[in-house]
Amino acid sequence: MISFAHFSFSAYASLRSTACKRLQLPKRSVSQTSSASSPMGESFVRLADGTELPVENTSSPLDIIIGHGLGSDPSQKSHTNDISNALWKDAQEYLWNANENSRRRQSGTAVLYTARGHGRSRGWEQNEVSDDNVNDVPFRWPALSEDMVEVANECLGDTSQFTILGQSMGAASALYLSIDNPDRVNALILARPPRAWERRAEIASVFVAEANELQLNEPGSRRFLPLFGAAHTDLPPRSDKDMYRRIQCPVLILSHGEDVAHPLETGQYLSELLPKTRLELAANEDEARLEWPKIIGDWLADENLI
């Protein structure tokens with residue numbers, strides 16, 4: 001079994017129980033496929049390296065990409081069961097009821113997709129793993145941002161502009177995409193941006209522990225790779241202010257308390273680093289689920305995005 005860190009199990013259990021509460025990129029060819037063994041209506045986007053990601057395109061008042069968070073068992077996490085899915089659907093329902101422009105304009109596309117290594121994604125398993133080497137680079141946030149832009153190119157067009165709603169891992173991926181492709185993103189919604197910078201190592205030990213457990217329980221499986229990728233990635237350094245200033249589009253940051261994996265401080269720091277931000281804080285996840293769809297809808301309308 002590959003192990004990258006020693007950790008206190010009691011500390012891990014405590015941290016995990018709390019957490020559970022809760023480039024200019026080169027153009028690469030993409031093709032869409034479907035499978036007779038897939039659920040009805042499910043389609044896949046094929047990435048340049050052969051990875052295929054499940055994707056769901058629905059009508060929307062604007063073009064938007066939805067990026068989900070990491071799962072402690074990545075095989076059980078997908079775009080269908082992440083909070084980002086519920087946030088967007090509730091926000092769209094609110095817009096439909098409250099905003100006449102939203103009812104008139106349903107010419108856009110909402111793209112919800114499952115990230116590499118999660119759910120029914122496939123074709124990524126060829127990553128080499130040995131006793132002294134694991135290739136988790138494709139599962140780190142900068143690389144996941146490349147996957148996200150490939151999905152956008154396929155579903156919306158390779159010169160399209162779009163909004164991104166990213167949650168946790170999806171928020172970090174969206175941030176990197178926006179830094180490297182500022183001309184492609186017209187608005188950015190960062191929901192529950194994850195623990196980062198000096199305090200990233202605290203949560204990284206949790207991901208290592210979960211990855212080690214998956215290796216024990218599923219010998220031969222590669223489903224632990226996204227967890228190792230999460231353990232070895234981070235947001236750009238706060239000292240690199242020029243990198244953050246590359247994002248000139250409006251940004252909505254949504255953070256809530258009582259969540260050790262997505263602390264308020266990440267959202268607060270990002271609101272200081274990014275030029276055009278609105279920061280909304282909720283006390284806990286229950287309040288966030290109740291209030292954030294309306295906040296998202298009103299913000300999109302205020303920014304004349306619908």
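Start by selecting Ser-168, which sits in the loop between E8 and H5. Helices (H or I, at least four residues) and strands (E, at least two) are DSSP runs, numbered from the N terminus. What you have open is a predicted model, where local features need pLDDT of at least 70, side-chain atom pairs count only at pLDDT 80 or more, and totals for chains, interfaces and linings use all residues. Residues are numbered from 1 along each chain as its sequence is written, and side-chain values use heavy atoms, with hydrogens and water left out.

Stay on Ser-168 for a moment. Is Ser-168 buried or exposed? Its relative accessibility is 9%, so Ser-168 counts as buried; buried means under 20% relative accessible area, exposed over 50%, and partly exposed in between (1.4 Å probe, protein chains only). Now show what touches it. Setting aside neighbours within four places in sequence, Ser-168 is in contact (heavy atoms within 4.5 Å) with Gly-69, Ala-191, Arg-192, Pro-194 and His-262.

Next, select H5, residues 169-180. At 1.5 Å a residue its 12 residues should span 16 Å, the expected span being 1.5 Å times one less than the number of residues. The end C-alpha atoms of H5 are 17 Å apart, which agrees. Colour H5 by burial: 12 of its 12 residues are buried, so H5 is largely enclosed by the rest of the structure. Among them are Met-169, Tyr-176 and Asp-180.

What do the buried residues of H5 pack against? Bring up strands E4 (64-67), E8 (162-167) and E9 (185-191), then helices H4 (141-156), H8 (241-245) and H9 (264-273).

Keep H4 and H5 and hide the others. Their axes are 8 Å apart, and the two helices pack at an angle of about 80 degrees. That makes H4 roughly perpendicular to H5. Axes here are lines fitted to C-alpha atoms, for helices over the stretch in contact, with angles running from 0 to 180 degrees between N-to-C directions; under 35 degrees counts as roughly parallel, over 145 as roughly antiparallel, 65 to 115 as roughly perpendicular and the rest as oblique.

For the side chains at this crossing, pick Trp-141, Pro-142, Leu-144, Ser-145, Met-148 and Val-149 in H4; they meet Met-169, Gly-170, Ala-172, Ser-173, Ala-174, Tyr-176 and Leu-177 in H5. By class, the contact has 10 nonpolar, 3 polar and no charged residues.

Now for two backbone stops. Trp-197 lies in the loop between E9 and helix H6 (200-217). Although not a glycine, Trp-197 has a positive phi of about 60 degrees, and at 10% relative accessibility it counts as buried. Then jump to Glu-258, in the loop between strand E10 (251-256) and H9. Glu-258 is another residue other than glycine with a positive phi, near 60 degrees, but at 45% relative accessibility Glu-258 counts as partly exposed.

Move over to helix H2 (residues 83-98), where you'll find Gln-92. Gln-92 counts as buried at 14% relative accessibility. Draw a C-alpha distance from Gln-92 to Gly-297: 7.1 Å, for residues 205 apart along the chain. From Trp-96 to Ser-60, 36 residues apart along the chain, the C-alpha separation is 10.0 Å.

Finally, zoom out. The protein has 10 helices and 11 strands, and buried residues make up 55% of its 306 residues.

Note on methods:
Nonpolar A, V, L, I, M, F, W, Y, C, P; charged D, E, K, R; others polar.
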